[in-house]
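Please consult the sequence and the structure while reading.

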Amino acid sequence: MKSTPHPRDHHHENLDKIERLDRKLADLGIKIRKDEDSRKVTGEVFDETTLLALYKLVNKKVISSIGGSISTGKEANVFIAGRTGKTGEETGAAVKIYRLRTGNFTTMSEYILGDPRFSNIRRTHKDIIFAWTKKEYSNLARTREAGIPCPEPLAFDRNILIMEFLGEDGIPYPQMRQKLPKSPEETYQDAVGLIRDLYQKARLVHGDLSEYNILTGADGLILIDMAQAVTPEHPKAYNFLFRDIRNINRFFAPKCKTTDEHDVFRNIVGEEFFEI
Ligand SMILES: Nc1ncnc2c1ncn2[C@@H]1O[C@H](COP(=O)(O)OP(=O)(O)OP(=O)(O)O)[C@@H](O)[C@H]1O
Ligand SMILES: [Mg+2]
């Protein structure tokens, strides 16, 4: 006789799978659930799909251990991880995990579907998040190819992106809002230079640029958080670019003289900005 399983059984089956994946990861030296207390927090991030993706990345030896949390954002959590470099040396990685139960999903769709590189993906919730992760990987790769400072993308699987760790002795570099690498005037010019190079050399508009998404590294400013970056063909690319310029001007205006945002836009694009 056929019987539909009780929803509780599904729940149990799921927990079993998660326990099994946890154990498989533990066998590889990756411990995620340390105690009952952190179980609740980690449960939000490390569901079955995410553990499976993590397991695959560990198996491929992209990372060798996972450490503490660096940041809990609106859509993603960032963790520090251990990795063995090309010459066998132990270096760091940053593991960005997009939560599958994210609240900010409508904005993701808007950015993804206007981008010709990603417009033909399936449109379920998970698919959009997987495409979002892949998009951040591609944007980072494209930015680096253009010679613009950003973390080197190392690998991605489903909702997990692994990239180079930016920091020293396990401490991430500060965000630009916390520390400027040079005088305000010079740092402002560098920030505008990053926006210009990103547009002219990488053909990308960051789309969420602010003093939070630029780190101050040992050699100057570094762009991060690039999932939402779009190519100039995106119907809203100019609006995003103008908003990026305005955010940077807003941050520097109390610190030094800034160039009018319309002038910055014209210098970068070679056209006037008209709100559409
Ligand atoms: N590669 C990295 N190396 C070191 N620290 C990083 C790295 N990537 C991110 N971080 C730290 O984690 C923080 C959050 O990262 P990021 O801005 O990419 O995600 P987010 O703002 O949480 O993303 P979202 O807003 O999409 O949820 C950064 O401000 C930075 O402090
Ligand atoms: Mg950010």
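## Terms and model

Helices here are DSSP runs of type H or I with at least four residues, numbered from the N terminus. By this numbering, tyrosine 137 lies in helix 5. The model under discussion is predicted.

Tyrosine 137 has a relative accessibility of 24%. Since buried means under 20% and exposed over 50%, tyrosine 137 therefore counts as partly exposed.

Apart from neighbours within four places in sequence, tyrosine 137 is in contact with Pro153, Leu154, Ala155, Phe156 and Leu161. The C-alpha atom of tyrosine 137 is separated by 8.3 Å from that of methionine 226, although the two residues are 89 residues apart along the chain.

## The magnesium site

The magnesium ion (ligand 2) is coordinated at 2.2 Å by Asn213, through OD1, and by Asp225, through OD. These two residues are twelve residues apart and link distant parts of the chain. Asparagine 213 belongs to the loop between helix 6 (184–200) and strand 8 (214–217), whereas aspartate 225 belongs to the loop between strand 9 (220–223) and helix 7 (237–252).

Asparagine 213 is buried, because its relative accessible area is 8%. Aspartate 225, with a relative accessible area of 22%, is partly exposed.

How is the packing of two helices described? The description uses the angle between their axes and the distance between the axes.

The axes of helix 6 and helix 7 come within 10 Å and cross at roughly 170 degrees, which means that helix 6 is roughly antiparallel to helix 7. Their contact comprises ten nonpolar, two polar and one charged residues.

The contact of helix 7 with helix 8 has eight nonpolar, two polar and two charged residues.

## Buried residues of helix 4

Helix 4 (residues 105–113) contains the buried residues Met108, Ser109, Tyr111 and Ile112. These buried residues pack against strand 3 (90–98), helix 5 (125–145) and helix 7.

Definitions and conventions: Residues numbered from 1 in each chain as written. Chains lettered and ligands numbered in written order. Predicted model: local features only at pLDDT ≥ 70, side-chain atom pairs only at ≥ 80, totals over all residues. Heavy atoms only, no water. Donors = N, O, S within 2.8 Å, 3.2 Å for Na, K, Ca; no water. Buried < 20%, exposed > 50% of the residue type's maximum accessible area, 1.4 Å probe, protein only. Nonpolar A, V, L, I, M, F, W, Y, C, P; charged D, E, K, R; others polar. Contact = heavy atoms within 4.5 Å. Axes fitted to C-alpha atoms, helices over the stretch in contact; angles between N-to-C directions. Parallel < 35°, antiparallel > 145°, perpendicular 65-115°, else oblique.
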